Amino acid sequence: MEITQKQFKEMLVTPGHVSDEQFLNVVAEATKNEVSLYEEIMAEHLISDKNLGRTIADFFDYHFIDLFETTIKHEFLDFIPEVVARAQRVIIYSVTEETVGLATEKIDNYDFFRLLEKKMGRNMSISFATPQGINYALRNYQGDLHGKILELIDSCERDQETGDIVRLVDLLLEYANDSRASDIHIEPLEKYILVRFRVDGLLHEAVRYPKNLHEKVVFRLKIMAHMQTDERAAAQDGRFEYHHDENNTFDVRVSVLPVTDGENVVMRLLDSNSRRYTLENLGLSEKDYQKLLSASEKPHGMIMSCGPTGSGKTTVLYTILEKLNNPEVNIMTIEDPVEYAIEGVQQTQVNQKKDLTFANGLRSIVRQDPDIIMVGEIRDEETANIAINSALTGHLVISTLHTNDAATTFPRLIEMNVEPFLIASSVNIIVALRLVRKICTHCKESYLPSSTEVEIVKQNPKVVDALSLVTNGKDISELRLYKGRGCRVCQQTGFSGRVGIFEVLEVDEQIRLLITKKESADVIADQAFKNGMVSLLHDGVIKAVNGVTTIEEVIKVAGT
């Protein structure tokens, strides 16, 4: 069923679920990205999948079923072959002697429903399910991936000559992707090999396998990643594209490092078909969004994204590039590695063997008549100076730096022997960020904090101060907070996905004067707070009070 733009507007704008401006932005982005309005609404996080499903079902007078919260019995899968279920976008969720409960996003697929009624000899009870819900339910056809992996490990160990190592590696990749893992760690220990998945920033044990299989597993991964299979004493990096099925393809970045007990493998999973973040849905407040948007529209200067490894710095750069990418400008990048290909952007990969470093690559890029330059990371004095000078000579330069907060960026650049007056003249804005886990929307519930939780919070004065600013002095014991109770969707963790907390420092004349005087990061930060900057902790507390994450998560990530 194709839901028209007019119908979506009646469903969402008229009842007040989203504003007219938000809806027009979604329509424009959906057209630009060549995706459906449903996909764009989900990408923008304007409404939860469950609430949107109920809204659509009510609008068309159908029953809604949330497949994320529905157990699908395996015997029900036998009624419809997987290939048919995927093509018709249907799933059977209940069967009685007289009626079959059928969930589908295509509620006007009448010919198929009649065919199914004739085949099964029962009436069809049609319920509307969202596309995301259908995708989740279709995973039941894959069966128990963890169990299949254990069976394959046992088979490979019993028959090492014909054991299916290829299938074992494929299943590990599919299991990781199905678990929403961002990384796979394959770690050789003294007695066995440990496989762990990083999900929402935390590592979880996935499976173990005997050491006598490890060499073959690594050999297979080296072949897939185009590495030297006979090299076991040196670190190697590679990459490959994995095709799970026609709707699920992802890139895998592979790093192999010799350690005491063998070769350690870490794989980063990059979903090629996923909807990437946009500047609008990063999680910035409206005020900080406008600051960053204004800085990105300037013809020259620098935008810096700062934080520790894995904090989302590069994601911020990509969202800015996506926003600025148009046929009228020449955008060039130097990256290590190139994580996502952006059509219309000339992207260069650092290659140390060919002496293509950040500095050398940036020096060459400047001679390619660019309007906008992205430097994946400023690591050394030479790169810093070239980037700063590029920003002063008519280019918009965006880059990342490893610092703990926004204000520390300036002393860090001065340590790289960049003149303070050059920094003050070139840097327009600093975005510092961290990632916190989001509460699972399928099992989120509100609660009043226990006395123990109140005591933990009150032991951190910075958190108390931030809460006081957000809640107008209301005591935490009276504050209604949120958490996830744990469900099948979030694998009983209470969290699903991550969101950024931000600290956006806009460089104005007062800040410039402090930079040229070589003032400390604390002095610069104090002035920025007076100018209206919100700290990482403060932004995190706002998100916790609004039910996006938990206070505990904010304290863990940004509470010190």
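Which residues line the largest cavity? Select Glu215, Val218, Phe219, Lys222, Thr229, Arg232 and Glu263, and you have the lining. Before going on, some housekeeping: this is a predicted model, where local features need pLDDT of at least 70 and side-chain atom pairs count only at pLDDT 80 or more, while totals for chains, interfaces and linings use all residues. Residues are numbered from 1 along each chain as its sequence is written, and side-chain values use heavy atoms, with hydrogens and water left out.

**Stop 1: the cavity**

A cavity here is a set of points, on a 1 Å grid over the protein atoms alone, where a 1.4 Å probe fits but cannot get out; lining residues have an atom within 4 Å of a point. Helices are DSSP runs of H or I with at least four residues, strands are runs of E with at least two, and both are numbered from the N terminus. By type, the lining divides into two nonpolar, one polar and four charged residues.

**Stop 2: the open sheet**

Next, show the four strands that form an open sheet in the order β1-β4-β3-β2, with mixed pairing. β1 (63–64) and β2 stand at the edges with a single partner strand each, so one side of each has no neighbour in the sheet. Two strands pair if DSSP finds at least two bridges between them; β2 and β3 run antiparallel and are joined by five. To see one of these, pick valine 90, whose bridge partner in β3 is threonine 104.

**Stop 3: salt bridges**

Stay in this area and select arginine 89 and glutamate 105: their side chains meet in a salt bridge (2.9 Å, N to O). Arginine 89 is in the loop between α6 (82–88) and β2 (90–95), and glutamate 105 is in the loop between β3 (99–104) and α7 (110–120), 16 residues apart. Both are buried, with buried meaning under 20% relative accessible area, exposed over 50%, and partly exposed in between (1.4 Å probe, protein chains only).

The structure holds 26 salt bridges, each a side-chain nitrogen of Lys or Arg within 4 Å of a carboxyl oxygen of Asp or Glu. Another one to select is glutamate 339 with arginine 253, at 3.3 Å, N to O. Glutamate 339 is in the loop between β12 (331–335) and β13 (346–349) and arginine 253 is in strand β9 (residues 248–259), so the pair ties together parts 86 residues apart in sequence. Glutamate 339 is buried, at 17% relative accessible area.

Note on methods:
1 Å grid on protein atoms, 1.4 Å probe; cavity = no way out; pocket = protein on both sides within 12 Å on 5 of 7 lines; lining within 4 Å. Nonpolar A, V, L, I, M, F, W, Y, C, P; charged D, E, K, R; others polar.
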